[in-house]
Amino acid sequence: MQLDPLGDWKRSDYLEHLGKADLGRQVTLMGWVHSRRDHGGVIFVDLRDHTGMAQVVFGPQHNQASFERAQELRSEYVVAIKGEVVARSTDQVNLKMKTGEIEVFVKELKLLNGCTALPFQIGDLQESITEKNRLKNRTLDLRRPQMQHNLILRSKAAHVMRNYLHEHGFFEFETPILTRSTPEGARDYLVPSRVNPGHFYALPQSPQLFKQLLMVAGYDRYYQIAKCFRDEDLRGNRQPEFTQIDLEFAFVAPDDVMTLVEGMVAELFEKTLAVKVELPIRRMLYADAMAKYGSDAPDLRYGLELTDLTELSKNCGFQVFSQAAQSEGGLVKVMCVPGGADFSRKDLDDLTEFVKIYRAKGLAWVKLTPEGWQSPITKFFNPEEIAEINQRTGAKVGDLLLFGADKKQVVNDALGNLRKEVARRRKLAEDGRFVFCWVTDFPLFEATEDGGFHSCHHPFTMPVMEDMETAKHPTDIRSIAYDLVLNGVELGGGSIRIHRPDIQKRVFQMLKITDEEAREKFGFLLDALDQGAPPHAGLALGFDRLMMFLTGAESIREVIAFPKTQQASCLLTEAPGKVDPAQLKELNLALRKTQS
RNA sequence: GGGGUUGUAGUUAAGUUGGUUAUAACGCUAGCCUGUCACGCUAGAGGCCGCGGGUUCGAGUCCCGUCAACCCCGCCA
């Protein structure tokens, strides 16, 4: 194959920018051969670049040499052409193409590069390609218009947010990627140090401490589009390395953070999707979210609220309920599904299986018929109890009641997720509708399995000081922390930070972090708090998750150029890979046989 | 660590109760075609049925194991 040099040719236009305004112009175009239709005496080529496509026409009457050369063209060859923009006659207009009213008669063709037979086609009309195949051939996959749209929108979104933050007095700072391991939280990715044998850097799980230090250093307003690393198992919306819009500012209250962030999010949705976000965004207490929705990230596109029946169940005849209600930390709750009495027996069996995923032992249900309750458990309830449950849930004839009775966490988990599942089955959550909310006043601590507890947010979160004095149990202490939730997904969260050394020391004590440990792990932070730390607060938004909403992607991998598989490997580069023994030796590392 | 789904030409899929030469569409190759745009017509090439073992006269199909991708639980301050 004879290839041509680009020479002094300069591209005059991007393809999809061409239109009737350009009629008669001599243009120089460059791109990929998307498809070729050879009619013998005339050859049509759809030329493609990142903006879109335009049809270029090779014919002997336009130019004999390029017409003959065009017979060599195949899919994904890279070409440059010079030609004239002409109008198509009315019967030749292609309304499916944005540039379908014009075409370009080619006078000169340069073949810049060829292309071997591809593992899959680039067009969007093709049948779906398996994701394994796409990830292995990611370069080609990224050439597809959908992926180009996603990644270019990602760039635009970052730009919008950067502009917004600069306009609001924020400065962009970088923080180290090679840093030190901190306790709690996720598993760290470690990097061995060559010059300090036996010592390791950790990749940051977030720039949390550095941004606090920048506040103490007096920079007032910080932001960063920051890569974060957590060595935990993956999900459809979780990658081991991900990106946060991370920000922090000094001398502010929670209100200031929320107002600034919701302004940014509103501008982002307006400028990328032309969607108006109604401000201010609704705020909800964590305790209310858990009570009404069984989740700290409620989807508010629909109702299906939960009602607490614990008190009422304590003396009811149904042992499953009464035992749960009487036990320490037990809970009985119900969700009313309007019109849900048409769920079939199989639907209800499916839902019962569904809640078992979340460790519920079963799912009690009641259909409200004109004759009253229809349910395997009707016999355990007296008319007064039935009337009260109907009244408190607002259930009407034709509705369905779904009950959960177990330990608090199991009930909330099961019913919270059941709520989302029922909404999905009944199509209550419309696409293209974005319902935000703030969830505030998270608990400071969360109980762990071994009887201890750890920070809900992180150990640098400001407690509600009066709770510190009055709470009977550490888990009753609230924190000044807030999450931004969109359609049932946590987009990000933040908090007022502890800026006083005395409070920080108390929190470390409560977390059973000794002075020595605190000194060793966070000495630099404690010193900073002693050196004139201003009150400060901040938040981080998951950029990848935001992009999932902006693109409508079902998976986080659709908005990341080079994502990892569920086993945290990259099918393109085959990372992680083995390393040369010499490299290990230099790092003072020895491998041991993996235990099986 | 656990539960589930999937794996058959380059791609996407079909393949019946275990039975003869494993199908189709798209793509690819060659030829023809001056208005197509999912171009059309003719011909052709293309297979370790994920991998390993077993049952059987005979396995894409049944059994056991294993690998990979995906979804979920645990995990993710």
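This is a predicted model: local features need pLDDT of at least 70, side-chain atom pairs count only at pLDDT 80 or more; totals for chains, interfaces and linings use all residues.

Biologist: Where is His-457 found, and which residues is His-457 in contact with beyond its neighbours within four places in sequence?
Modeller: His-457 is found in the loop between strand S19 (453-455) and helix H13 (465-470).

Biologist: Is His-457 buried, partly exposed or exposed?
Modeller: Buried requires under 20% relative accessible area and exposed requires over 50%. The relative accessibility of His-457 is 31%, so by these cut-offs His-457 is partly exposed.

Biologist: Which backbone oxygen lies 3.0 Å from a polar atom of the side chain of Arg-230?
Modeller: Arg-230 is found in the loop between S9 and S10. Its contacts beyond four places in sequence include Ala-186, Arg-187, Gln-205 and Ser-206. The backbone oxygen that lies 3.0 Å from a polar atom of its side chain belongs to Gln-205.

Biologist: Which residues does Asp-231 contact, leaving aside its neighbours within four places in sequence?
Modeller: UniProt, in an unreviewed entry, places a "binding site" feature at positions including Arg-230, Asp-231 and Arg-545. Asp-231 lies in the loop between S9 and S10 and is partly exposed, with a relative accessible area of 27%. Leaving aside neighbours within four places in sequence, it is in contact with Arg-187, Asp-188 and Tyr-189.

Biologist: Which backbone oxygen does the side chain of Arg-545 reach?
Modeller: Arg-545 has its place in helix H16 (residues 543-551). Not counting residues up to four places away in sequence, Arg-545 touches Asn-237, Arg-238, Val-489, Glu-490 and Leu-491. Its side chain reaches a backbone oxygen at 3.4 Å, and that oxygen belongs to Asn-237.

Biologist: In what order do the strands of the open sheet of 8 strands come, and which strands stand at the edges?
Modeller: The pairing in this sheet is mixed, and the order is S6-S9-S10-S22-S21-S20-S17-S11. Two strands each have a single partner, so one side of each is left without a neighbour in the sheet. Those edge strands are S6 (171-172) and S11 (283-285).

Biologist: Which helix packs on the sheet by touching S9, S10 and S22?
Modeller: The helix spans residues 208-216 and touches strand S9 (221-229), strand S10 (241-250) and S22. Its direction makes about 20° with that of S10. The helix is H5.

Biologist: How many bridges join S10 to S9, and how many pair S10 with S22?
Modeller: S10 is mostly covered, with 9 of its 10 residues buried. S9 and S10 run antiparallel, and the bridge partner of Lys-227 in S10 is Thr-243. S10 and S22 are also antiparallel, and Phe-249 has Ala-537 as its bridge partner in S22. The counts are 9 bridges between S9 and S10 and 7 between S10 and S22.

Biologist: Which residue in S22 stands opposite Gly-493?
Modeller: Strand S21 (residues 489-496) and strand S22 (residues 536-542) run antiparallel and are joined by 5 bridges. The residue opposite Gly-493 in S22 is Ala-540.

Biologist: Why do the buried residues of helix H11 line one face?
Modeller: In H11 (residues 383-393), the buried residues are Glu-385, Ile-386, Ile-389 and Thr-393. An α-helix has 3.6 residues a turn, so residues three or four places apart point the same way. Seen down the axis of H11, its buried residues line one face because they fall within an arc of 100°.

Biologist: Which elements do the buried residues of H11 pack against?
Modeller: On the other side of H11, Pro-383, Glu-384 and Gln-391 are exposed. The buried residues pack against one helix and several strands: H8 (310-313), S12 (306-308), S13 (330-337), S15 (372-374) and S16 (400-407).

How values were computed
Residues are numbered from 1 along each chain as its sequence is written. Chains are lettered from A and ligands numbered from 1 in the order in which they are written. Side-chain values use heavy atoms; hydrogens and water are left out. Two strands pair if DSSP finds at least two bridges between them. Contact means heavy atoms within 4.5 Å. Axes are lines fitted to C-alpha atoms, for helices over the stretch in contact, and angles run from 0 to 180 degrees between N-to-C directions. UniProt positions are given in the numbering used here, feature names are shortened, and annotations may be inferred rather than shown by experiment. Buried means under 20% relative accessible area, exposed over 50%, partly exposed in between (1.4 Å probe, protein chains only). A polar contact is a pair of N or O atoms within 3.5 Å; within protein, one must be able to donate a hydrogen and the other to accept it, and residues adjacent in sequence count only if both atoms are side-chain atoms. The arc is that of the directions from the helix axis to the C-beta atoms.
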